[in-house]
Each structure stands twice: as structure tokens, then as C-alpha cells.
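Have the structure open while you go through them.

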Amino acid sequence: MTDFSNSSNSNKTNPDISATVSTDVYNNIATRPDRNTHNGQVVNINLSPEEVNKQQMMDSVTIMLKSVGEDPEREGLLKTPKRVAEAMQFLTQGYSQSLEKLVNGAIFDEGHNEMVLVRDIDFFSLCEHHMLPFMGRAHVAYIPNQKVVGLSKLARIVEMYSRRLQVQERLTRQIAEAIQTILDPQGVAVVMEATHMCMAMRGVQKPGSWTVTSAMIGIFQEENKTREEFLGLIRHKPSFF
Ligand SMILES: [Zn+2]
């Protein structure tokens, strides 16, 4: 990282035109700020953990760019570490969310005891083995025990767990268990259909393959008839190909 402490120092002691220019240059370096000094003084760096993480991610991307033989200083790549870090923060924001905050009291005592199913919830996740995307559709159902949750919250729960490093099997189970936890329903069923970029773009290179996982809790596990009803309701040709 470029050290600007000297130019900043001279700005303080000899305010002249060139020093002003160098200060402007200093202020304009948005993506690579000097984090060690302020006007030549070493300051207590009071970055939030998020900013620290972002800087670390940016540094890692720069290393990866060099590792593949690229020149991180060439024009097209100058902002790439920042973009990748921001994308990664977005794609893993599920780590900083909690079920409690997400549901935010949107649980209602409706006395409803029939199946609630939200089908075809798009999701995008990253596999924890390759940090490559896997994406597809989730189908989430539960049979209430009086209590229901706002329908959009089911999609939010899928989103929260998807935006972490995952394996599809665990993701499916976590969604089911989350609904079990917040509603204590008679049962929960989650089916996820996904295509994995780590299988499509590399490895076995099978772009047409897709993976189905399911998690059944309570009555969906115990009662064939209930499970069959659910599977009948979601049976369809996946439309993401
Ligand atoms: Zn993978």
C-alpha cells in the first residue's frame, strides 16, 4: 500500500500548491485509502469489523488475481477486489442475520390447521467446498398448530440460510428446523432443487444435472398420506432449464 504520510506531512508544515494537489490525490483514492496515518499522524484505526473484513477480502482477491497470472493494477481490474469483496459480503449476509430478528414477531394465531405451501422460492447460495454458486427453487410447507407466520417470512428464511456457505442438504434441513422452531407446527416439509456450478463448470462438468434434497419433520415424516399430498402439490418440471 502506498504510504502518503510524507506528502500529508509536508502539506501540514508547508501549505503550498503541490501539497494541495497531493492532498487531492490522497482524498481521491477511494478504493485504496491509507489506513495508517491521518495528516501524517498515526491514529487509532477505528474500523468496524465489517470494514476490516472487507479490506481483508480485497487483499485476498488481489492475491488471487496475482496467483492466476493477472496484473491487479491493469485498468480493468483496478476495482475488482472492491467489487468482489462487496459481492461476497452480499452473498454471505445471512451470517449476520438471525431468525428472531427476521421473523420480528410476524407470527399469528389463526387457528389454521391446513397445509401452507409456498412453492418455487428462488434461491442462490454458495457451496462451501468450492465457493461456487448453486441455485434453484425451494418449496416450503408446514401444517400449523394454530400458529402461522407471514408468507414472505418463509421466503426470507430460505434467503437467510442460502446466503451463507452451504451444502444443499444442510441448507434444506436448516430451513425446516427454523420453521419448526418458530411455529412448533404439526410438521414441516422442505424440498430444494438446485444446480451446482461446481458440477457444471468444473469437476464432472454436467451442466444439466440437478440435485433434489428434502427434509421432513413431524407429520410429513410420519404420515405417508400427508407427505404424498405435499409431493403431489410440488411435482413439476423444474423450469430453470
Ligand atoms: Zn462445490
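1. Cys198 has a relative accessible area of 10% and is buried (buried is under 20%, exposed over 50%, partly exposed in between, using a 1.4 Å probe and protein chains only). A quick word on ground rules: this is a predicted model, where local features need pLDDT of at least 70 and side-chain atom pairs count only at pLDDT 80 or more, while totals for chains, interfaces and linings use all residues. Residues are numbered from 1 along each chain as its sequence is written, and side-chain values use heavy atoms, with hydrogens and water left out.

2. What holds the zinc ion on the protein side? Its donors are Cys127 (SG), His130 (ND1) and Cys198 (SG), at 2.1 to 2.3 Å. Donors here are N, O and S atoms within 2.8 Å of the metal (3.2 Å for Na, K and Ca); water is not among the atoms, so sites may look incomplete. Along the chain the donor spacing reads C-x2-H-x67-C. His130 sits in the loop between strand S4 (116-127) and strand S5 (133-143) and Cys198 in helix H8 (residues 197-200), so the pair ties together parts 68 residues apart in sequence. Helices (H or I, at least four residues) and strands (E, at least two) are DSSP runs, numbered from the N terminus. His130 is partly exposed, at 36% relative accessibility.

3. Now Met135, which is in strand S5 and is partly exposed at 22%. Beyond its neighbours within four places in sequence, Met135 is in contact (heavy atoms within 4.5 Å) with Phe123, Phe124, Glu193, Ala194, Thr195 and Met197. Its C-alpha atom is 9.4 Å from that of Met192, 57 residues away along the chain.

4. On to the packing. The largest nonpolar core has 33 residues, among which Tyr142, Ile157, Ile175 and Ile179 touch the most other members. By nonpolar core I mean buried Ala, Val, Leu, Ile, Met, Phe, Trp, Tyr and Cys residues joined through side-chain atoms within 4.5 Å. Elements supplying at least two residues each include helix H6 (151-162), helix H7 (168-183) and strand S8 (187-196). H7 gives the largest share, seven residues. Leaving out neighbours within four places in sequence, Ile179 is in contact with Val140, Tyr142, Leu154, Ile157, Asp184, Pro185 and Val188.

5. There is also a second, separate core of 10 residues, with Ala141, Val191, Ile219 and Phe220 among them.
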